[in-house]
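Dear colleague,

Please find below the structure that I am handing over to you, with its sequence. My findings follow directly after it.

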Amino acid sequence: MLWLGGQPCGTPEQALAWIAWRAGHVADQLDDHLAQPAHAWIQDHPEHQRAIGQLARGITYALVICDGSVQYVLAATLGAFDPDGESAP
């Protein structure tokens, strides 16, 4: 697993916006047929509301984008942020 970065976010909405932004970047690098699920997720407003609710309850939300044997996991959780990619207490 390679840590590709993160962004501290103070609200579930900000965390979801970060996931959508990164999903767009990942999708832009994939072949069209592999990018389609990420593009669909970006437009899936009911799923966004579910994610916001999950984050507000303190549950990690993850979006997985597959490119063959590679998986991009875009995850958000409210709490402390460690830029080295480790969980902070």
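Leaving aside residues within four places in sequence, Glu47 is in contact with Trp41 and Tyr61. With Tyr61 there is also a polar contact between the two side chains, at 2.7 Å. Please note that this is a predicted model. Glu47 lies in helix H3, and Glu47 counts as buried because its relative accessibility is 17%, under the 20% cut-off.

His48 is likewise placed in helix H3, which covers residues 45–56. With a relative accessibility of 9%, His48 is buried. Not counting residues up to four places away in sequence, His48 touches Leu16, Trp41 and Ile42.

As to the overall arrangement, the protein has three helices and two strands, in the order α-α-α-β-β from the N terminus on. Of its 89 residues, 28% are buried. Among contacts between residues at least 6 apart in sequence, 42% join residues at least 24 apart.

Helix H2 deserves a separate paragraph. In H2, residues 32–42, the buried residues include Ala35, Ala38 and Trp41. Viewed down the helix axis, the buried residues of H2 fall within an arc of 110°, so they line one face of the helix. An α-helix has 3.6 residues a turn, so residues three or four places apart point the same way. On the other side of H2, Asp32 and His33 are exposed. The buried residues of H2 pack against helix H1 (12–28), H3 and S1.

Which residues have the most contacts inside the largest nonpolar core? They are Ile19, Ala23, Trp41, Tyr61, Leu63, Ile65 and Leu74, in a core of 19 residues. H1, H2, H3, S1 and S2 are the elements that give two or more residues to this core. H1 provides the largest share of the core, with seven residues. In soluble globular proteins, nonpolar side chains tend to be buried together.

Ile19 is found in helix H1 and is buried, at 0% relative accessibility. Apart from residues up to four places away in sequence, Ile19 touches Trp41, Tyr61, Leu63, Leu74, Ala75 and Ala76. Ile19 and Ala76 are 57 residues apart along the chain, yet their C-alpha atoms are separated by 7.5 Å. Leu74, leaving aside neighbours within four places in sequence, is in contact with Ile19, Arg22, Ala23, Tyr61, Ala62, Leu63 and Ile65.

Finally, I turn to a loop. Gly68 is found between strand S1 (61–67) and strand S2 (70–76). Is Gly68 buried or exposed? Gly68 is exposed, because its relative accessible area is 65%, over the 50% cut-off. From Gly68 to Leu34 the C-alpha to C-alpha distance is 8.5 Å, and the two residues are 34 residues apart in sequence.

With kind regards

How values were computed
Residues are numbered from 1 along each chain as its sequence is written. This is a predicted model: local features need pLDDT of at least 70, side-chain atom pairs count only at pLDDT 80 or more; totals for chains, interfaces and linings use all residues. Side-chain values use heavy atoms; hydrogens and water are left out. Helices (H or I, at least four residues) and strands (E, at least two) are DSSP runs, numbered from the N terminus. Buried means under 20% relative accessible area, exposed over 50%, partly exposed in between (1.4 Å probe, protein chains only). Contact means heavy atoms within 4.5 Å. A polar contact is a pair of N or O atoms within 3.5 Å; within protein, one must be able to donate a hydrogen and the other to accept it, and residues adjacent in sequence count only if both atoms are side-chain atoms. The arc is that of the directions from the helix axis to the C-beta atoms. A nonpolar core is a set of buried Ala, Val, Leu, Ile, Met, Phe, Trp, Tyr and Cys residues joined through side-chain atoms within 4.5 Å.
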